[in-house]
2 protein chains.
Amino acid sequence: MRDVAATAGVSLKTVSRVVNAEAGVDARTTARVNAAIASLGYRRNDAAVNLRKGIPLATIGLIIEDLANPFYASLARAVEEVATRHEHAIVMASSAEDPERERKVVFDMLQRGVDGLVMVPAGHDHRYLLPELSRGTRVVFLDRGPGGIEADSIVLENARGTREAVEHLIAHGHRRIAFVGDPIEVETSRERLDGYREALDAAGIDFEPALVRMGPPRESLIQAATRQLLAMPQPPTAIFGQNNRNALAIIRAMRSLTATVAFIGFDDFELADMLPVPVTVVSYDPGELARTAAELLFARLAGDSRPPQRILVPTRLIVRGSGEITPRRRPGS
Amino acid sequence: MRDVAATAGVSLKTVSRVVNAEAGVDARTTARVNAAIASLGYRRNDAAVNLRKGIPLATIGLIIEDLANPFYASLARAVEEVATRHEHAIVMASSAEDPERERKVVFDMLQRGVDGLVMVPAGHDHRYLLPELSRGTRVVFLDRGPGGIEADSIVLENARGTREAVEHLIAHGHRRIAFVGDPIEVETSRERLDGYREALDAAGIDFEPALVRMGPPRESLIQAATRQLLAMPQPPTAIFGQNNRNALAIIRAMRSLTATVAFIGFDDFELADMLPVPVTVVSYDPGELARTAAELLFARLAGDSRPPQRILVPTRLIVRGSGEITPRRRPGS
DNA sequence: TTGAAAGCGGTACCAA
DNA sequence: TTGGTACCGCTTTCAA
């Protein structure tokens with residue numbers, strides 16, 4: 001900017017006026033300055049502007065677990081849309097489901113001066129955010145709630161959605177229904193398991209721990225768990241898969257066993273309707289989930305100071321076939 | 001920082017030393033400063049640091065078309081991995097396939113001071129980048145090359161991969177092979193069409209324009225195009241689908257017609273192996289594509305000044321079934 | 001209409 | 001080991 005001023009033979013302030021299109025600059029002066037800008041290829045340094053003005057960067061941070069998972073990619077897309085509408089840029093990072101990394105990434109973003117954060121938490125203890133929050137930093141939790149602190153969160157009706165699915169299976173005659181999911185430490189897992197138990201209870205079916213398999217979302221482990229379930233002396237006649245990743249693994253495992261048990265998954269996924277047995281799922285709109293979170297963040301940034309909200313996004317069962325398979329009598333029984 | 005200095009009863013510079021863990025500060029002083037930092041909840045302002053040091057933000061920009069497309073999500077994930085390894089943050093924006101928006105987003109990012117850019121171009125003319133490039137800004141094009149300028153690009157072997165697929169169909173007896181793709185303005189489309197023609201030429205099959213349908217990647221349009229192809233007096237016995245989006249649409253359209261024509265798609269997609277007729281595809285590693293681009297960007301940022309590179313990433317045919325269907329004689333012929 | 005000088009939050013250089 | 005002061009690129013305030 002100094003160079004521009006020198007080239008145009010005016011003061012710094014005048015250049016600043018031209019760049020910011022402030023009123024009260026002679027047209028000829030403006031022209032000279034613009035010429036200088038063009039010839040020097042000058043571009044304003046936004047960081048300096050923000051520093052001087054003491055305002056944030058018009059940037060929000062988005063922290064998710066893994067972009068390659070279509071579920072998170074949809075979330076990211078929706079958040080980006082909202083951010084764009086509010087003229088904010090978005091800086092993104094993956095926590096890779098590692099609480100330590102989540103923490104690092106959060107600090108990193110705050111240090112860079114993001115205005116606020118939308119995050120899918122990986123950890124279960126967010127007290128490290130307390131100083132930030134009391135300083136006025138805005139954080140909205142997405143898909144899972146915060147741990148140990150009060151903060152905004154947008155989550156699915158995990159228990160209700162799961163309960164509905166399991167009741168659907170029960171209505172089709174199933175009484176031995178397996179639950180395959182993520183580790184119980186994950187909030188969504190816990191809530192979905194709750195819904196599963198509620199449905200069993202309501203139908204007077206005993207909860208059988210052996211039918212519940214929760215563990216890390218690794219394809220090989222899930223497939224192994226599925227095979228073990230189906231190899232039980234009294235195997236389940238239906239399986240509930242707790243999310244999109246393990247749904248795919250379970251379906252693969254079942255196919256390789258040419259087993260025909262009923263299946264319902266949580267999370268819809270592309271081509272679910274095109275598989276040999278179209279897959280019944282608990283569905284919802286990931287865009288709605290993420291948009292709600294982003295809009296809430298922007299409302300907070302705009303001054304909304306209601307107490308922390310916990311907003312539930314509804315789910316609905318999409319019936320396609322795999323959830324309507326009825327139990328088979330086993331040979332000899 | 002001033003407050004910290006006052007609270008700890010030391011000078012600004014001493015606080016700066018502590019914050020930056022510089023040597024030569026008395027342990028007791030350090031402790032006092034750290035106590036002050038903790039009690040005030042002080043955090044350094046990175047923007048000010050960068051301003052003073054005159055260094056960039058350790059941030060790279062990533063511009064893609066649409067995060068919700070799993071292909072782009074994989075690219076984003078891979079770029080993010082590399083950026084993390086190089087301790088850079090990543091700011092992301094979608095061009096939504098709109099050249100105007102691409103331009104806006106590029107300027108925006110540069111103004112914010114990103115160190116460099118990885119972009120999947122939406123437009124076909126990037127001369128607007130010339131001033132930036134001559135100023136030393138580093139831009140790497142991903143998946144499609146730049147238009148009107150010389151710049152680094154990482155692209156797939158589109159022609160070769162397509163040629164291989166079409167030759168595969170020809171080897172299975174097909175002579176009427178349709179090509180369904182994006183508009184010809186898109187570089188990848190053009191190259192894939194070239195590969196298609198090469199394969200036909202090599203086999204001495206006449207190119208028939210009626211068998212080529214190129215248009216916007218909208219599901220309804222692609223399905224309509226597919227139906228029209230199959231309703232031709234002499235319909236194709238095989239279809240080549242130019243990317244993952246139109247592959248899905250074509251498969252849906254074919255199923256609703258219960259047609260059995262051979263099919264090969266460009267881009268692998270999840271569950272391709274699980275469909276009733278597993279889908280043969282031209283595959284490659286999206287991660288490799290994106291990693292190569294990001295690594296090249298960081299090499300450039302580190303001073304690599306070779307002439308602009310155009311790096312080709314290989315493809316390979318994955319045979320699963322749909323591409324091995326042989327032509328049926330039509331009733332009465 | 002234009003300019004001079006101070007200051008945003010830090011760091012670098014040199015002196016104490 | 002510590003502090004003073006100039007300065008990064010820009011805007012603000014106030015004066016010319």
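Student: To start, which residue is the bridge partner of A:V91 in strand 2 of chain B?

Tutor: The bridge partner of A:V91 there is B:V91. Before we go on, note that this is a predicted model, where local features need pLDDT of at least 70, side-chain atom pairs count only at pLDDT 80 or more, and totals for chains, interfaces and linings use all residues. Residues are numbered from 1 along each chain as its sequence is written, while chains are lettered from A and ligands numbered from 1 in the order in which they are written.

Student: Okay! In which sense do strand 2 of chain A and strand 2 of chain B pair?

Tutor: They pair in the antiparallel sense, over three bridges, and strand 2 of chain A covers residues 89–94. Two strands pair if DSSP finds at least two bridges between them. Helices (H or I, at least four residues) and strands (E, at least two) are DSSP runs, numbered from the N terminus.

Student: How many residues does each chain put into the contact?

Tutor: Chain B gives 37 residues and chain A gives 36 residues. Here, two residues are in contact if their C-beta atoms, placed from the backbone, lie within 7 Å.

Student: Which elements of chain B supply at least two residues each to that side?

Tutor: Helix 4 (46–53), helix 5 (70–85), strand 2 (89–94), helix 6 (99–112) and helix 11 (244–256) of chain B. By class, the side of chain B that touches chain A has 20 nonpolar, seven polar and ten charged residues. Ala, Val, Leu, Ile, Met, Phe, Trp, Tyr, Cys and Pro count as nonpolar, Asp, Glu, Lys and Arg as charged, and the others, Gly among them, as polar.

Student: New topic: what is the strand order in the open sheet of six strands in chain A?

Tutor: The order is 7-6-8-9-10-12, with mixed pairing. Strand 7 (212–214) and strand 12 (316–318) of chain A are at the edges with a single partner strand each, so one side of each has no neighbour in the sheet. From one strand to the next, the twist averages 15°. Angles run from 0 to 180 degrees between N-to-C directions, and axes are lines fitted to C-alpha atoms, for helices over the stretch in contact.

Student: What holds paired strands together, in general?

Tutor: Strands of a sheet pair through backbone hydrogen bonds, either parallel or antiparallel.

Student: And which way do strand 6 and strand 8 of chain A run, parallel or antiparallel?

Tutor: Parallel, with four bridges joining strand 6 (residues 177–181) to strand 8 (residues 238–241) of chain A. A:A178 stands opposite A:I239 of strand 8 there.

Student: What about chain B, which strands are at the edges of its six-stranded sheet?

Tutor: Strand 7 and strand 12 (316–318) of chain B, each pairing on one side only. The order in chain B is 7-6-8-9-10-12, again an open sheet with mixed pairing. Strand 10 (residues 280–283) and strand 12 of chain B pair in the antiparallel sense over three bridges, and B:V281 has B:I318 as its bridge partner.

Student: Is strand 6 of chain B mostly covered or exposed?

Tutor: Mostly covered, with five of its five residues buried. Buried means 20 or more other C-beta atoms within 10 Å of a residue's own, exposed means 12 or fewer, and partly exposed is in between, with C-beta atoms placed from the backbone. B:I177, B:F179 and B:G181 point one way, B:A178 and B:V180 the other.

Student: What does strand 6 of chain B make with helix 9 and strand 7 of chain B?

Tutor: A right-handed β-α-β unit. Right-handed means that, with the strands pointing away from the viewer, the path from the first strand over the helix to the second runs clockwise. Strand 6 and strand 7 (residues 212–214) of chain B pair in the parallel sense over three bridges, with B:V180 opposite B:R213.

Student: Last one: at what angle do helix 2 and helix 3 of chain B pack?

Tutor: Helix 2 (residues 12–19) and helix 3 (residues 27–40) of chain B pack at about 90°, with their axes 10 Å apart. The residues in that contact include B:V15 of helix 2 and B:V33 of helix 3 of chain B.
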